[in-house]
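Subject: Handover of a structure and the findings from it

Dear colleague,

Please find below the structure that I am handing over to you.

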Amino acid sequence: MKYLALILLTLSLVLSSCDNTIGHPPSQGGDFIGTTFEFTGDFNRSNAYQLVFNFRQNGFIPYESDVILAYVLWESAGIDYWRPLPQTVYFNNGTSFQYNYDFSADIASNQIIDMSVFLDSYLDLSTLPPGYTQNQTFRVVVVPSDFLEASNVDVNSMESILNAEQLKLKELEIMH
């Protein structure tokens, strides 16, 4: 039993002295700095129904360990609703399509390079009504992974993330 206590004490001292250099360090007071931004675009055949957002070209480089969350603006009766991606739309005729996203990372430099939002479906995407393909707005929240580990937020709720006490979000001004 003495040896077990000694091993646990040693292990806790070793783990508490580790310096985690991956991700965004907490700022003063234990707050985590995240970033949020929006972009709008049109899905069409010429862009393969995909909108690409390059972080580097817009002056922001997230760490590869960060968490990228994306939401689509869903308007209803003049009120803005943000739905987490992926988001599936079902039609009465039994067909559907999905707004989805992915991102690419350069693991050697520990940086996320870009992200894309795309339409995914077995149906001919050119037959979608313009309300689903034109002037679509997406909000992206880049959250340090340390924050998600240290907090109890619902990643499916943008409101839960934006209202988290430990997270200080800054708006990213998009360069054109």
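Predicted model: local features only at pLDDT ≥ 70, side-chain atom pairs only at ≥ 80, totals over all residues.

An open sheet is built from four strands, arranged in the order β2-β7-β6-β5 with antiparallel pairing. Its edges are taken by β2 (50-54) and β5 (87-90); each has a single partner strand, so one side of each lacks a neighbour in the sheet. From one strand to the next, the twist averages 15°. Four bridges join β5 to strand β6 (residues 96-106), again in the antiparallel sense. Within this pairing, Gln-87 has Tyr-99 of β6 as its bridge partner.

The largest pocket

Tyr-99 also belongs to the lining of the largest pocket, together with Leu-73, Trp-74, Glu-75, Gly-131, Tyr-132, Gln-134, Asn-135, Gln-136 and Thr-137. The volume of this pocket is about 210 Å³. At least two lining residues come from each of β3 (67-76), α2 (130-133) and β8 (136-143). The largest contribution is that of β3, with three residues.

Two of the lining residues deserve a separate word. Gln-136 lies in strand β8 and counts as buried because its relative accessibility is 8%, which is under the 20% cut-off. The C-alpha atom of Gln-136 is 7.6 Å from that of Val-72, although 64 residues separate the two along the chain. Asn-135, by contrast, sits in the loop between α2 and β8 and is exposed, with a relative accessible area of 56%.

The aromatic residues

Across the whole structure, 14 aromatic pairs are found. One of them joins Phe-39 and Phe-138 in a tilted arrangement, with 5.9 Å from centre to centre and 35° between the planes. This pair connects distant parts of the chain, since Phe-39 is in strand β1 (residues 32-41) and Phe-138 is in strand β8, 99 residues apart. Phe-39 and Phe-138 are both buried.

Phe-138 also forms an edge-to-face pair with Tyr-99, at 6.0 Å centre to centre and with 65° between the planes. Here too distant parts of the chain are linked: Tyr-99 belongs to strand β6 and Phe-138 to strand β8, 39 residues apart. Tyr-99 counts as buried, with a relative accessibility of 0%, and Phe-138 is likewise buried at 0%.

Phe-39, Tyr-99 and Phe-138 are members of one aromatic cluster, which also includes Phe-37, Phe-43, Phe-53, Phe-55, Trp-74, Phe-91, Phe-97 and Tyr-132.

Backbone features

Most residues other than glycine have a negative phi, and most peptide bonds are trans.

- The peptide bond from Leu-85 to Pro-86 is cis, with omega near 5°; Pro-86 is located in the loop between β4 (79-84) and β5.
- Ala-48, which is not a glycine, has a positive phi of about 55°. Ala-48 is in the loop between β1 and β2 and is exposed, with a relative accessible area of 53%.

With kind regards

Definitions and conventions. Residues numbered from 1 in each chain as written. Heavy atoms only, no water. Pairing = 2+ DSSP bridges. Axes fitted to C-alpha atoms, helices over the stretch in contact; angles between N-to-C directions. 1 Å grid on protein atoms, 1.4 Å probe; cavity = no way out; pocket = protein on both sides within 12 Å on 5 of 7 lines; lining within 4 Å. Points joined across faces, edges and corners; volume = space filled by probe spheres on them. Phe/Tyr/Trp six-rings, centres within 6.5 Å; stacked < 30°, edge-to-face > 60°. Buried < 20%, exposed > 50% of the residue type's maximum accessible area, 1.4 Å probe, protein only.
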